[in-house]
Amino acid sequence: MKLFDAHFHIIDDRFPLVENNGYLPPIFDTKSYTKSVENYGLIGGAIVSGSFQKFDQTYLIDALETLREGFVGVANISKDMDVDLLNKLNDVGVVAVRFNVKRGGSEKIEELEKLSNQLFEQFGWHTELYIDSKDLKDLDNVLKSIPTFSIDHLGLSAEGLKDLYYYVEKGVKVKATGFGRIDFDPIPVMKTIHSINPEALLFGTDLPSTRANVPFSVKDIELVQQHFSEKDQEAIFYKNALKWYGREK
């Protein structure tokens, strides 16, 4: 099966790293990543900026220029970022702005609506949210005012699944990632999301699984293979992501 890895991190100590709540992640550079996924039929992926990278763009530009074709970037963008840098990011393959609602390290949540709309209008970038689904209600008015977004790690908690499903009905994408971060069985939730919108689920490795209780392994891929048809696997493992990230041939 082909795989477009819809969510992973590159951590390279040649570039700035910032402690988040006292945490600094282990190094996981492009060579480490390529080695980790060499057996997965990789056709591309989305490099996601972490809280520990804050607004540094040098690592992301380098990673995109290294991994090249098929890869896109999801960046932490500040509200006052230089327009020349934004143009550079767009040129090298950044396609989305990330708001880390759960851990911080990105722009303040008060800027979500304005910045999401600005970047969508300028570049066509969508928004990606690292948020616990139980907190979606608190941002309801804001989220209804931005063009399009995705939610990381199946929304993290069972408590917010009703609200997660509501947004799936509205066309929001959900990353089937971080199975070791969630407090529920991923398969029934994925089945429900897929039944609401077959284009919603985006599978990713979440490598190197920073701070996850259980890190990613091939068992996560096998779990999906055991419970979804081959056609559904194609959508979840690569077709949905290729469309979402604008990489359809």
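Okay, let me start with Arg211, which sits in the loop between strand 8 and helix 8; helices (H or I, at least four residues) and strands (E, at least two) are DSSP runs, numbered from the N terminus. Bear in mind that this is a predicted model, where local features need pLDDT of at least 70, side-chain atom pairs count only at pLDDT 80 or more, and totals for chains, interfaces and linings use all residues. Residues are numbered from 1 along each chain as its sequence is written, and side-chain values use heavy atoms, with hydrogens and water left out.

Back to Arg211: its phi is positive, about 65°, although it is not a glycine. Arg211 is partly exposed, at 26% relative accessible area (buried is under 20%, exposed over 50%, partly exposed in between, with a 1.4 Å probe and protein chains only).

That loop, between strand 8 (201–203) and helix 8 (218–227), also holds Pro208. The peptide bond into Pro208 from Leu207 is cis, omega near 0°.

Now, over to His153. This one is in the loop between strand 6 (149–151) and helix 6 (161–169). Its phi is positive too, about 55°, and His153 is not a glycine either. Is His153 buried or exposed? Buried, at 2% relative accessibility.

Zooming out, the chain has 9 helices and 8 strands. Its radius of gyration, 17 Å, is close to the 18 Å from the globule rule for 249 residues, so the chain is as compact as a globular protein of that length. That radius is over C-alpha atoms, and the rule is 2.2 Å times the number of residues to the power 0.38. Finally, 56% of the 249 residues count as buried.
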